Amino acid sequence: MSFLAFPIAILFAGYLLSYAILPFSNGDTAYYVVLGRGILREHALPYSYAFDHKPLGVYLFYGLWDKLVPLTHGTFLCLACLLMAAFVAVCQHFCSFNRWVAWILLVACGAGFSVLDANTETVLVTGEALILSLLYRGTTQQKPVLFFLAGVILSYVSNINYLSVVCLFLPCGLILLSPGWFRVKNVALAFVGLCAGLCVLFSPYILEGHGALQTYFSMQREFLHYYSGSWKARLETVLWSTLYTLVLGPILLAWIKAFRPGLQMTHRKALILPLWFVSSLPATVLSGHPFDHYYFLCFAPTCIMLACLLQKTHIFPRYALLPLGIFSVVEMGSHIHKNIKESLYLSRVNYTGISDEIGKNKVLNIRADHTVFYSSDLRPFDIYLFQDHVDIRFGKENAWKRYMQDLFHRPVYVVMPYDGCARQSVEAPVCQWLQTHYTRIYSVNTRHIHQQKYQRFSLDLYKLNSPEPLPSAG
């Protein structure tokens, strides 16, 4: 197999470089930064600046990263690489392995789960690893303060994604409640740390008063009611999770054979990683949407198990990893192709010119991709900024009414999908209003001439014709 080492190394290098030429590789992370800028620059609490259904910890994290590392390209590649390095370092408390091998496995084999997008799953698994490490060291080294710190970190990690509580349920239960490890004081300290962290995190809402905290949670709950996945999507999520688990099955079986995990004190440590994997499985299914990056919650602890097992070469035949190897190579090639295409599409949009034209004016988004808000650093006019959030929240049949309400308030600039009216992706009343009161000042079609499908970075930018008040809705 050594003759494959060089071409795979070239493929891996190309895979990394393809992310370095992009300002971002996943629309989610770009959107989180937009909301983070609202918090840090405009001092606006979520969701008064823009709305997304994630908790506020997401926007704080990505907003801080954007402020600390304001790179034009490759910023999320750097974030993903650093997070995986931190994840590997922390996981060394659970077993012995080569750090470089583990990091390469995470990045290369994680291609199928979009690890280099630096989506919230990479933040979650790193935070989860830190929590489990603190709890384990607090137990085995008898350092009570570590339980308090674990609780504080859990307060933040759970407010990046609530599903982290599901992922941590079994491994935390093992460490905190196992015979010989259980101490009331330790559980109490972890709980006090959790409460203290939540108080600090939500203190701006408490100081704001006027039901701000209640509004924050009710907006999430109300939107998730409309956003929840269909039965078809949920079934697809289960099927994909099952398929990925079968691919990783040889690793799980080999771990049981090699370390014989159990509740006995000598074998208990070997239970942490497999229980972490088992707890993360329902978290991927509870999402209700078949997005591949969700399964990274399961893949990350399994990858650490693989790195540990590679220290024991006799444990399982290498051909058992062939499905994972083929899957990873195909996915790396696929991501290279996708990233190069998206880089070309993005290069056709004059984001600097758009930023110079609009300045600090607020912009109404009518179903355009939010990339322009990230890349041109625009400010949203309506809190429902994501491309389909208005459709989800108000229903496709009523979405145009929301847009008309916004237009009556005279936003100076409006951004829409390219040729949205002609393609009927925007309703007729909205188009008629724009034709009467606005002028299209910029238009770009980023797709290739031979492509029929609409390319999401394409857009039209409209400007209000006159500063005079527009006719009232009546």
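Reader: Which residue takes a positive phi just after α12?

Author: That is Arg260, with a positive phi of about 45 degrees; helices here are DSSP runs of H or I with at least four residues, numbered from the N terminus. Please keep in mind that this is a predicted model, in which local features need pLDDT of at least 70, side-chain atom pairs count only at pLDDT 80 or more, and totals for chains, interfaces and linings use all residues. Residues are numbered from 1 along each chain as its sequence is written, and side-chain values use heavy atoms, with hydrogens and water left out.

Reader: Where does α12 bend?

Author: The bend, of about 50 degrees, is at Leu248, and the proline Pro250 follows within four residues. The angle is taken between axes fitted to the seven residues ending there and the seven starting there.

Reader: And what do the buried residues of α12 pack against?

Author: They pack against α13 (272–286), α14 and α15 (322–347), where contact means heavy atoms within 4.5 Å. Among these buried residues are Tyr244, Leu248 and Trp255; buried means under 20% relative accessible area, exposed over 50% and partly exposed in between, with a 1.4 Å probe and protein chains only.

Reader: Changing topic, which residues touch the most other members of the largest nonpolar core?

Author: Tyr15 and Phe87 do, in a core of 148 residues, a core being a set of buried Ala, Val, Leu, Ile, Met, Phe, Trp, Tyr and Cys residues joined through side-chain atoms within 4.5 Å. Helix α14 (residues 296–309) gives the largest share of this core, twelve residues. Not counting residues up to four places away in sequence, Phe87 touches several residues, including Trp276, Ala300 and Ile304.

Reader: How many aromatic pairs are there?

Author: There are 36, where rings of Phe, Tyr and Trp (its six-membered ring) pair if their centres lie within 6.5 Å, and planes under 30 degrees apart count as stacked, over 60 as edge-to-face and the rest as tilted. The pair of Phe202 and Tyr205 is tilted, because the planes are at 55 degrees, with the ring centres 6.3 Å apart.

Key
Helix = DSSP H or I, 4+ residues; strand = E, 2+ residues; numbered from the N terminus.
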